Amino acid sequence: MVYIVSVIIPSYNCLAYLPKAIASILQQDRSDVEIIIVNDNSTDGTAEYLETLSQQHVCVKVITTTGVGAAGARNIAIEQAAGEYIAFLDADDYWYPEKLTTQLALHKSNPDVAMSFTNYDHVNEQYQYIVDCFGYWNQFAEVTTPSHYIKQPLAQVLAHNVVGTSTVMVKASVFKTVGLFDVDMSYCEDWQLWLKICEHFEVAALTKSYTGYLMRSDSITQTDSKRLQHLKCIEQIIRGYKQRDLGLSKHTFALADAKLKEGYADYYRTQRKFMNALCYEGYAFLLNPQIRRIKNGLGDIKKLILSPIS
């Protein structure tokens, strides 16, 4: 069997969500898709489920690892993938119908595009729609076509960081140029890799949502300490690009810094440190004025006023 796309799913104790993710791939209108699932030391019955699944579907390949992490799992799968294109899907996310066909058509219509990504919807644990990514961050609102070829991909992705890993499709040959995910990074290794691709290749986006991103309350990336580490990783990557002469504008860095400051504001808000949150939100507004930042700042002021004095 010749596979055009290899879909890579790293999974750690995600049996409650994995069947929905896999079903969303099998329900795509293509038969030339390889599914590589990396079971990274799961203890929730994932191994037994995947053994049965692989017996039912010849396109399913299971790799078992012992705690290599998401980046390491993806790297192992990339090295064993047979597809011309690599698509990524997290075990607790899922695709909408025609995602692969539409994305492949984009690549076929412009062979120079090395990476594409799509809009995606945030959904709650009942799979109810919350908001779409591009809409929330006010991205590509001016684009009237289903696909958009990004003129300055490095500046765009550095400034706005709206690339959802579960929406990405990459030409497999690209990894020979940019390398794989950095396993030494605790967070943001996906964003770092997308930026590397943007440095060397053309990138495009589909403005319609083709993926559901599950907002899990128990996600291993959602604890306060991990959120702070995540923000510090983003800050480190931005600092690294500031130190390189790649022709990026001050405006690009202002947008990137604004989003970072807004992230810090959200973090301190969850800590009920509303003065810290207000300072970061104000800084973000000065760098890139947005109505939501005014609303967030007013909310911080209200909570400061109503908070009891200790």
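Modeller: Axes are lines fitted to C-alpha atoms, for helices over the stretch in contact, and angles between N-to-C directions run from 0 to 180 degrees. This is a predicted model, in which local features need pLDDT of at least 70 and side-chain atom pairs count only at pLDDT 80 or more, while totals for chains, interfaces and linings use all residues. Residues are numbered from 1 along each chain as its sequence is written, and side-chain values use heavy atoms, with hydrogens and water left out.

Biologist: Why are α9 and α10 called roughly antiparallel?

Modeller: Their axes lie 10 Å apart and the helices pack at an angle of about 165°; angles under 35 degrees count as roughly parallel, over 145 as roughly antiparallel, 65 to 115 as roughly perpendicular and the rest as oblique. The pair is therefore roughly antiparallel.

Biologist: What makes α8 roughly parallel to α9?

Modeller: The axes of α8 (residues 189-200) and α9 (residues 224-242) come within 11 Å and cross at roughly 25°, which makes α8 roughly parallel to α9. The contact (heavy atoms within 4.5 Å) involves residues including W191 and L195 of α8 and I234 and I238 of α9.

Biologist: Why does E262 count as buried?

Modeller: Buried means under 20% relative accessible area, exposed over 50% and partly exposed in between, with a 1.4 Å probe and protein chains only. E262 has 1% relative accessibility, so E262 counts as buried. E262 sits in helix α10 (residues 250-270), and, leaving aside its neighbours within four places in sequence, its contacts include Y136, W137 and R292.

Conventions
Helices (H or I, at least four residues) and strands (E, at least two) are DSSP runs, numbered from the N terminus.
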